[in-house]
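Please report on one residue of this model and on the contact between its chains.

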Protein chains: 2
Amino acid sequence: MSPRTRAKVLQAIEELGYVPNSLARSFALQRTKTIGLVITDITNPFFTTLARGVEDTAAKNHFSVIFCNTDENPEKEALYLELLAGKRVDGVILAPASRKKHSLKSLLARGIPVVLVDREVEGLHQMDVDIVKGDSVYGAYILTKHLVGLGHRRIGIIVGNKEISTAEDRVLGYRRALEEAGIPVDESLIRFATYSEEGGYREAKSLLACGNRPTAIFGGNNFIALGVVAAVKELGLRIPEDIALVCFEDIDFISKFVPFFTVVVQPAYSMGVIATELLIRRIEGQDKVRERREVVLKPELIVRESAGEKLLREVRVLQQN
Amino acid sequence: MSPRTRAKVLQAIEELGYVPNSLARSFALQRTKTIGLVITDITNPFFTTLARGVEDTAAKNHFSVIFCNTDENPEKEALYLELLAGKRVDGVILAPASRKKHSLKSLLARGIPVVLVDREVEGLHQMDVDIVKGDSVYGAYILTKHLVGLGHRRIGIIVGNKEISTAEDRVLGYRRALEEAGIPVDESLIRFATYSEEGGYREAKSLLACGNRPTAIFGGNNFIALGVVAAVKELGLRIPEDIALVCFEDIDFISKFVPFFTVVVQPAYSMGVIATELLIRRIEGQDKVRERREVVLKPELIVRESAGEKLLREVRVLQQN
DNA sequence: TTGAAAGCGCTAACAA
DNA sequence: TTGTTAGCGCTTTCAA
């Protein structure tokens, strides 16, 4: 092409405000450069951060991301997955609402790659999906061990729905720590609720109502822990003097204001980044025939205050600050 | 069509796993049933909540939403808008990174409807865009008035970048309250920084370093306020005994843990819902020829503790709880 | 190197 | 009512 023609074409592009229609392009190419992000609730800080990791990484690779909130509802999830399949997204990142085998399969059947985040699904190992998750067993183990180390022997645990793999994993880690410490597991202290404030509130009230009440409560996530705080306050008890409280997931900015709340945090942003990288690698098909990947990220224990006398000192500091 | 044929067709659909290709549909129809949501940072709880309102409303109307984070960077914003235009989204909800006239126009030129959220843009009234925003002037006015009512006369204010309309609006409301109270405005107490923790931290240190330091600080948003907290702590001062602190936007769960922090909150979820409804109404073209809409939502003052002696009582309650 | 044409899967307009 | 066809704007293949 002569430089003159070239200039003319460019000028025409400019004048007419031409923008290539990527819709037509996608249609011709059968690739949309779009991925779906299906989580339970963007409002949950864990997923917010994860979503940011996903979007940043997607943008870097010239992908867009459509986000969907399932509210832990498998039917909503199925609807969204169907929608995304129809829209011909190039891939999906999914935090499954349930571990049941499931709508996911229809995506895979259509050759749409899927990467799971945070949670497992039944029969995962027979399917061709990658997964990026936190080590819930380990996290719960160190959190429980921390409480045991502080002298607690009756520790209540409240987690989400049994349908969610992290709930069972966290209970597993809890059991392991107790067994290791030679503390018999009291099944009545283990509560499956929902990963929500209401869930934490209700189960905490029930745990604290019984005669032989626990001296510590392990919140399965941040929302549950907030419910526990509400229940404890309502019963006129103190954290952590009367009840120690720890949980999975941090609570934003809490460290700035409150001296207690030992916590295990997961690297949510990294999870988003890694999941997106795995997904894009599959989409681009750099290594077509290869085994599924399972990335397990270690959570981090952040010890603030969990029990007893230290609180008083801290409150004094708070007053002075 | 005979019921028999019908059954046969349905069976074939089932067997072949047929899913209508909405990509082809979009292409033929020139409508994608997709909207773009361009915000500064999904990680900011205000935008997280807004995004949830957008997604819920979009889903209800069978729209998908692509989300983009500009990090207050006008170039990133322009890139995203270009991308979305290329993808032929049916409309865009935008929290503009800058008030300068701008990439937005190229969307409008291509007939893609835009609804602004939270922030204005220069020459808005000449353009055919709706806007949904909080009443920053009013919010800042009542917040400042609250401080004045508590006896403060030297009140520092730290807001975001001047390029963002809410920053100027909040300063405006602040001025108005002071003027109304007959308090002369000391320009050195007005600081334009960024809507970030660092911004709040830096300006707070500067404000507190000068001889005639303010007795109260007005944080332009939640992040700025957190920066102020850090600065105040570092200087060995106490909130609110030495420095009162109030801010725009709530800080999640803070009320559960800290007795102070009077705040003005905006109805972020509703903003998302309304913006989406306006946008979809434009997309569906129910009322083609009509004036632009401007929805201004009143924020709500939440008085916790902002000054003095009450804190001690509250800390005692906290200890007992 | 450049140009022409088929095809991606749907909708809508038109014909039978 | 049912069937046929053009066309959405791009990419890719094949011909010139």
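The report covers the basis of the model, then a residue of chain A, then the interface.

## Basis

This is a predicted model: local features need pLDDT of at least 70, side-chain atom pairs count only at pLDDT 80 or more, and totals for chains, interfaces and linings use all residues. Residues are numbered from 1 along each chain as its sequence is written, chains are lettered from A and ligands numbered from 1 in the order in which they are written, and side-chain values use heavy atoms, with hydrogens and water left out.

## A:Asp130

A:Asp130 sits in strand E5 of chain A, residues 130-134. Strands are DSSP runs of at least two residues and helices (H or I) of at least four, numbered from the N terminus. A:Asp130 is buried, at 0% relative accessible area. Buried means under 20% (1.4 Å probe, protein chains only).

The A:Asp130 side chain reaches the backbone nitrogen of A:Arg293 at 2.7 Å. Beyond four places in sequence, residues touching A:Asp130 include A:Val114, A:Leu278, A:Arg282 and A:Arg293. Contact means heavy atoms within 4.5 Å.

## Interface of chains A and B

Chain B brings 61 residues to the contact and chain A brings 60. About 5400 Å² is buried between them, 61% of it from carbon and sulfur atoms. Buried area is the accessible area (1.4 Å probe) that two parts lose on being put together, summed over both.

Six salt bridges are counted between chain B and chain A. Each pairs a side-chain nitrogen of Lys or Arg with a carboxyl oxygen of Asp or Glu within 4 Å. A:Asp71 and B:Arg52 form a salt bridge at 2.3 Å, N to O.

Technical notes. Buried means under 20% relative accessible area, exposed over 50%, partly exposed in between (1.4 Å probe, protein chains only). A polar contact is a pair of N or O atoms within 3.5 Å; within protein, one must be able to donate a hydrogen and the other to accept it, and residues adjacent in sequence count only if both atoms are side-chain atoms.
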